[in-house]
Amino acid sequence: MTDPLFPQWQPMRSMLLVSVRDDSDLPAAYRWLYKHHVNDSISQFAPYVTKYSTYRALPLSPSAEDFGTYNFIMTEHYWLIDPFNGGGAPKGVAFTEHFNDEYLTITRQPTGMGLRPGVWTGSREGYHPTAFMFLPIYWEHEYKGPRSIEDGPNYRWIFTIAYPDGVDREEADKWFHEEFMAAFCALPQVTRALSSPVLDNPRKSPFHRLAEIWFENSREWESAVETVWKTIPKPDWATHDRFPFFEPYKDCVSIFLLDRPESDHLEQFRGYNTTR
């Protein structure tokens, strides 16, 4: 194990997806985020984080729940080291993060298990735990693109999947690349497509792969899904019969975002400043 005084240099990115019960929970969830959590995170992680941003989830499309879609935020970090140093909580910090059971309840997480539960308990009608995963700095696969900021608006569909236990990862990835992603990339509605494996070390969730598929708006996404679900064959190893062949909120979690964060915290955050 790495000496806690000399953590290993390990550049990587992370994404953290959070959901709330419904829009009535947004005032309390946002108050926690900007009054407590961003302060805590900057205090703890700023010495070894180069970017820390939060994106607001876009409204859910009619078919979104079939893909385990979360409705609150995605937070992205770029790390220089593993902040947990091989453990289950941030190491070497003076203050712990502030949260309480009220916050865990409104964000549909099991209470008593912390902000990043080590045991996944997600389900469509039950808990929607924080989906937290570490990723390589660079995308492993770029299926479609490139795209510049001048090419039009971007409606980003970010989703992460967990393959069933015992499935050969290479076989599952082959289906994902050659069937799933290829079917979407063949459509004119898709403007950009990328994916990477979720890192095994450090591992904070059950998911194996994260991908982004971009469109110009939600109508284009709905149109693409309506086309693709009829053409992609169900893999032999799938345990969920309905497209996308991953059980939503259990084996598949997703979110819809813009290309611009709501707040680039290290550059923009100035505290919890209220109305006058």
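Let me start with Asp 25, which counts as buried because its relative accessibility is 8%; buried means under 20% relative accessible area, exposed over 50%, and partly exposed in between, with a 1.4 Å probe and protein chains only. Asp 25 sits in the loop between β1 (9-18) and α1 (26-45). Leaving out residues up to four places away in sequence, Asp 25 touches Val 20 and Ile 106, where contact means heavy atoms within 4.5 Å.

Before going on: this is a predicted model, in which local features need pLDDT of at least 70 and side-chain atom pairs count only at pLDDT 80 or more, while totals for chains, interfaces and linings use all residues. Residues are numbered from 1 along each chain as its sequence is written, and side-chain values use heavy atoms, with hydrogens and water left out.

Helices (H or I, at least four residues) and strands (E, at least two) are DSSP runs, numbered from the N terminus. Two strands pair if DSSP finds at least two bridges between them.

Now the sheet that holds β1. Five strands form an open sheet in the order β4-β1-β3-β2-β10, with antiparallel pairing. Its edge strands are β4 (131-135) and β10 (263-264), each pairing on one side only. Five bridges join β1 and β4 in the antiparallel sense, and Met 15 has Met 133 in β4 as its bridge partner.

Helix α1 lies across β2 (49-56), β3 (73-81) and β10, and runs at about 175 degrees to β2. For such angles, axes are lines fitted to C-alpha atoms, for helices over the stretch in contact, and angles run from 0 to 180 degrees between N-to-C directions. Helix α1 also has a kink of about 40 degrees, centred on His 37. The bend at a residue is the angle between axes fitted to the seven residues ending there and the seven starting there. His 37 is among the buried residues of α1, as are Trp 32, Leu 33 and Phe 45. The cover over these buried residues includes β2, β3, α2 (101-106), β10 and α5 (265-268).

On to the other sheet. It is open, has five strands in the order β5-β7-β8-β6-β9, and pairs them antiparallel. β5 and β9 (252-257) are at the edges with a single partner strand each, so one side of each has no neighbour in the sheet. On average, neighbouring strands here are turned by 15 degrees against each other, direction ignored. β6 and β9 pair in the antiparallel sense over six bridges, and Arg 156 stands opposite Leu 257 in β9.

Which strands does α3 touch when it packs on the sheet? They are β5, β6, β7 and β8, and the direction of α3 makes about 10 degrees with that of β8. α3 (residues 169-185) has a kink of about 30 degrees, centred on Phe 176. Phe 176 is one of the buried residues of α3.

Last, the cores. A nonpolar core is a set of buried Ala, Val, Leu, Ile, Met, Phe, Trp, Tyr and Cys residues joined through side-chain atoms within 4.5 Å. The largest has 35 residues, and those touching the most other members include Trp 157, Phe 176 and Phe 243. At least two residues come from each of β6, α3, β8, α4 and β9. The most come from α3, which gives eight. A second, separate core of 27 residues includes Val 20, Leu 33, Phe 45 and Tyr 48.
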